Amino acid sequence: MPLPLAHGLVGAGIIAALHPQPLRHRGLPLLFGAILANCADLDFGLVLLTHDKSWHRGFTHSLAFSLLLTVTALAVWGGAHLWRVSAYGACYASHGLLDYSTTKLGGGVELLWPAARGRYGLGLWGLSELPSRLPPAEVLRWLGVEFLIFAPPLLALLLLRRSRAKTPRRPA
Ligand SMILES: [Zn+2]
């Protein structure tokens with residue numbers, strides 16, 4: 001389970017890559033993408049309500065739930081916002097995929113719910129696990145590691161978009 005910083009940087013990176021608006025309007029969309037990329041962990045609310053830890057990394061982390069939220073948003077806002085809503089849907093979906101890639105403890109993520117109730121995880125990187133059990137210095141160290149891994153791609157995407165926006169278009 002990466003810390004919220006990693007999820008947020010990935011969500012902002014997805015918006016930087018996919019959002020159709022010009023760069024000058026992208027501050028709020030980047031923030032919204034970062035927030036959406038953390039929303040799957042709202043399942044902690046179910047854990048607190050039921051005192052059952054199995055809710056965490058359950059259906060809220062699945063690709064099907066991400067798709068359901070995206071289709072619902074498209075139904076509400078209409079097809080005219082297809083790219084924008086799809087980009088935000090990708091931000092939400094990135095959470096389950098990043099947890100799937102990095103989670104080593106807790107049995108993985110219910111990525112394929114409801115088709116399969118199994119928990120899956122690659123455990124590719126040793127990003128932070130159970131930060132509540134880590135001493136503050138260790139949490140700070142992992143924040144630094146996550147920043148060093150996920151901030152450069154976001155910065156590169158923002159610089160690329162900025163340079164494209166400054167390049168004059170040739171007349172057709
Ligand atoms: Zn999670």
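Trainee: Which residues coordinate the zinc ion?

Mentor: Donors are N, O and S atoms within 2.8 Å of the metal (3.2 Å for Na, K and Ca), and water is not among the atoms, so sites may look incomplete. Here the zinc ion is coordinated by D41 (OD), H61 (NE2), H95 (NE2) and D99 (OD), at 2.0 to 2.2 Å. This is a predicted model, in which local features need pLDDT of at least 70 and side-chain atom pairs count only at pLDDT 80 or more, while totals for chains, interfaces and linings use all residues. Residues are numbered from 1 along each chain as its sequence is written, and side-chain values use heavy atoms, with hydrogens and water left out.

Trainee: Are D41 and D99 buried or exposed?

Mentor: Buried means under 20% relative accessible area, exposed over 50%, and partly exposed in between (1.4 Å probe, protein chains only). Both D41 and D99 are buried.

Trainee: How is a pair of aromatic rings described?

Mentor: One gives the distance of the centres and the angle of the planes. Rings of Phe, Tyr and Trp (its six-membered ring) pair if their centres lie within 6.5 Å, and planes under 30 degrees apart count as stacked, over 60 as edge-to-face and the rest as tilted. The count by this rule is five aromatic pairs. One of them, F32 with Y88, is edge-to-face, at 4.9 Å centre to centre and 70 degrees between the planes. Of these two residues, F32 is partly exposed, with a relative accessible area of 42%, whereas Y88 is buried, at 14%.

Trainee: Which residues do ring pairs link into a cluster?

Mentor: The cluster consists of W55, F59, F65, Y92 and W113.
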